Amino acid sequence: MLYHSTLNHQHTATLEQAVTKGLAPDGGLYMPDSLPRLPRAFLCNMSAMTLQEVAYAIASTALSGDVPADVLHEIVFDAFDFDIPLVKTSSGNYVLELFHGPTMAFKDVGTRFMARLLDYYRRRHPEWSTLNVLVPTSGDTGSAVANSFWQIPGVRVYVLYPRGTVGKIQKAQFATLGGNVTAVEVNGSFDDCKSLVESAFMDEELNDAMRLTSAMSINYARIIPQMVYYFWAYVQLVRQRADTAHLVFAVPCSNLGNLASGLMAQAMGLPVKRFISVENQNNIFYNYVKSGVFTPKPTQYSIAPALDAGCPNNFGRIVDLLGSHENICRHIHAYSYDDNQIIETIERTYASEGYLLDPHSAVAYRALGEDVQPGETAIALATAHPAKLKNLMERIVNAPIALPPQLSRFVGRQLQINKMSNGFTAFKRLLLDNSQREVNPSINL
């Protein structure tokens, strides 16, 4: 199958080119020329399958033989080695808990698949000296990418994060690893970090000297596996004998990769009535849905840092999938909540239902109460474990929150950080200098 740029459908690439480059030369995102539709028999029978079996069937169909079957089987069964439970709260609402992976955020799903697929392509090309993975983060993406690629030979990871905005636990998850993971603290915003990465891809000298790719959701390898958990939620509803006739998903949104994955799952045959996109005060997509005008703006920091994006990268994929503003509004209802509303939702849900939502999941849960109609079955995606923002959450609910083993193992380890301005010259020099150095030994976790 060929993959086209969202900015120019005449520019095409193979899956290998799309995944190893990350971004098209014109700055567009890669999308498949067509999405195969799953047979009806699969939808009827997948409730008897395991998560890994469902994931393999979806990935093999979506990729149309671009990856050898035995290789894809190994990638999928290794990446999807943790549970993704659908929980029904005491109010009758459903929450899909996507935070049971190694770094306790939904991004484990995409980055673990991507790391293994990139490693497969790297091993096919012994002439590649080093594959350099660049990723800006506000917290969760950096930790998931760093841990997914950690200790993979022939790969270096650069995690860029804005100074003073990433929580201690999230920072420790990527900045204490060492080895092939380099943490870069940028004196600027998350948008500055994204701009540095995008500038690196556009710099000819840098690309001649180094093989660069991105682990942001701009990379199509992040999008493919995220389709899986939408189908897995449907499987669990069927097993619980719930009504699936009018299915609605509420999705926390920042760069819109999660939403794009859901829309692709729908295009492949998942019976979804509509999606609810939910943002914090960085409500770029919400404003687009209401006005028809897409206007990026500077990032506003919030208590839900993974939603702090002033220019959602995957907007082009949404347009590529749905076309007109009118059709987008037909498929997606949009909401936006500020910090006070997020805190109110966490407090109310914890007090009345005994269920603890982190700030990112809280926006989706709140939208269920405002948008879902009688007869609809709605699922809120819970994208991060509350303990990732332990101090904040304890202040909100006035109760202690235990650190799970996935997080406690990072506490007390020494940070290894490179600090720099938000200028591209400094970042380019860091990349070129590091390309000449041996990878430092990794710590043992």
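Predicted model: local features only at pLDDT ≥ 70, side-chain atom pairs only at ≥ 80, totals over all residues.
Reader: OK, so how many of the residues of helix H11 are buried?

Author: Helix H11, residues 257-267, is mostly covered, with 10 of its 11 residues buried. The buried ones are Gly257, Asn258, Leu259, Ala260, Ser261, Gly262, Leu263, Met264, Ala265 and Gln266.

Reader: Is cysteine 253 buried or exposed?

Author: Cysteine 253 is buried, because its relative accessible area is 1%.

Reader: Now helix packing. At what angle do H3 and H10 pack?

Author: Helix H3 (residues 51-63) and helix H10 (residues 220-239) pack at about 130°, and their axes are 9 Å apart. That angle is why H3 counts as oblique to H10. The crossing of H3 and H10 is right-handed.

Reader: Which residues make the contact?

Author: From H3 you have Leu51, Val54, Ala55, Ile58, Ala62 and Leu63, and from H10 there are Ile224, Met227, Val228, Phe231, Trp232 and Val235. By type, the contact of H3 with H10 has 12 nonpolar residues, no polar and no charged.

Reader: What about H15 and H16, how do their axes cross?

Author: Helix H15 (residues 339-353) and helix H16 (residues 359-371) cross at roughly 80°, and their axes come within 9 Å. So H15 is roughly perpendicular to H16.

Reader: Which residues of H15 and H16 meet?

Author: On the H15 side, Gln341, Ile342, Glu344, Thr345, Ile346, Arg348, Thr349 and Glu353 meet Pro359, Ala362, Val363, Tyr365 and Arg366 of H16. The contact of H15 with H16 divides into six nonpolar, three polar and four charged residues.

Reader: Last one: where does aspartate 108 lie?

Author: Aspartate 108 lies in helix H5, residues 107-124. Aspartate 108 counts as buried because its relative accessibility is 1%.

Reader: What is aspartate 108 in contact with, leaving aside neighbours within four places in sequence?

Author: With those neighbours set aside, aspartate 108 is in contact with Phe82, Gly101, Pro102, Thr103 and Ala144. Between aspartate 108 and threonine 141 there are 8.3 Å in space, C-alpha to C-alpha, and the two are 33 residues apart in sequence.

Technical notes:
Residues numbered from 1 in each chain as written. Heavy atoms only, no water. Axes fitted to C-alpha atoms, helices over the stretch in contact; angles between N-to-C directions. Helix = DSSP H or I, 4+ residues; strand = E, 2+ residues; numbered from the N terminus. Parallel < 35°, antiparallel > 145°, perpendicular 65-115°, else oblique. Left-handed = near helix turned anticlockwise from the far one by under 90°. Contact = heavy atoms within 4.5 Å. Nonpolar A, V, L, I, M, F, W, Y, C, P; charged D, E, K, R; others polar. Buried < 20%, exposed > 50% of the residue type's maximum accessible area, 1.4 Å probe, protein only.
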